[in-house]
Amino acid sequence: MLGVGLYSLAGVYGKKDPVQIKRMIQKGILEGVDYFDVAPIYGNAEEFLGEVIKPYRSRVKIASKGGISRDGRPDGSYQ
């Protein structure tokens, strides 16, 4: 298993370029990446990843963490 964390989608390392990140994810899958780590606190990372991987969905696994809402408060809800 080869994984990529998508924390950078939250913008923590500066401005993000969605087109470049989409290309990175697609190229990663073609090169063997089969695991992605996301969380609601990463902004729209879950939704973004979901759209990008649609054609590759059977080839990858996704881990989405919970427990912290987008505004930083604890959130133990199912959503």
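Predicted model: local features only at pLDDT ≥ 70, side-chain atom pairs only at ≥ 80, totals over all residues.
Residues are numbered from 1 along each chain as its sequence is written, and side-chain values use heavy atoms, with hydrogens and water left out.

Which residue forms an aromatic pair with Tyr-13? The partner is Tyr-7, and the pair is edge-to-face, with 6.0 Å centre to centre and 85° between the planes. For the rule behind that word, rings of Phe, Tyr and Trp (for Trp, its six-membered ring) pair if their centres lie within 6.5 Å, and planes under 30 degrees apart count as stacked, over 60 as edge-to-face, and the rest as tilted. Tyr-7 counts as partly exposed, at 39% relative accessibility.

Tyr-7 also pairs with Tyr-42, again edge-to-face, at 5.3 Å centre to centre and with 65° between the planes. This pair links distant parts of the chain, since Tyr-7 sits in the loop between β1 and α1 and Tyr-42 in the loop between β2 and α2, 35 residues apart. The element names come from DSSP runs, numbered from the N terminus, where a helix is a run of H or I with at least four residues and a strand is a run of E with at least two. The structure holds 2 aromatic pairs, and Tyr-7, Tyr-13 and Tyr-42 form one aromatic cluster.

Is Asp-37 buried or exposed? Asp-37 is buried, with a relative accessible area of 18%, and it is found in strand β2. Leaving out residues up to four places away in sequence, Asp-37 touches Val-4, Gly-5, Leu-6, Tyr-42, Ala-63 and Lys-65, where contact means heavy atoms within 4.5 Å.

Now for the sheet itself: 3 strands form an open sheet in the order β1-β2-β3, with parallel pairing, and two strands pair if DSSP finds at least two bridges between them. Why is one side of β1 and of β3 left without a neighbour in the sheet? β1 (3-5) and β3 (61-64) stand at the edges, each with a single partner strand, so one side of each has no neighbour there. On average, and with direction ignored, neighbouring strands of this sheet are turned by 20° against each other; axes are lines fitted to C-alpha atoms, for helices over the stretch in contact, and angles run from 0 to 180 degrees between N-to-C directions. β1 and β2 (residues 35-38) pair in the parallel sense over 3 bridges, and Gly-5 stands opposite Asp-37 in β2. Helix α2 (residues 45-52) packs on the sheet, touching β2 and β3, and its direction makes about 155° with that of β2.

My last topic is the nonpolar core, which is a set of buried Ala, Val, Leu, Ile, Met, Phe, Trp, Tyr and Cys residues joined through side-chain atoms within 4.5 Å. In soluble globular proteins, nonpolar side chains tend to be buried together. Of the 17 residues in the largest such core, Leu-6, Ile-25, Ile-29, Phe-36 and Leu-49 touch the most other members. α1 (18-30), β2 and α2 each supply at least two residues of this core, and α2 gives the most, with 4 residues. If you look for Phe-36 in the structure, its contacts, leaving aside neighbours within four places in sequence, include Val-4, Ile-25, Leu-49 and Ile-62.

Note on methods
Buried < 20%, exposed > 50% of the residue type's maximum accessible area, 1.4 Å probe, protein only.
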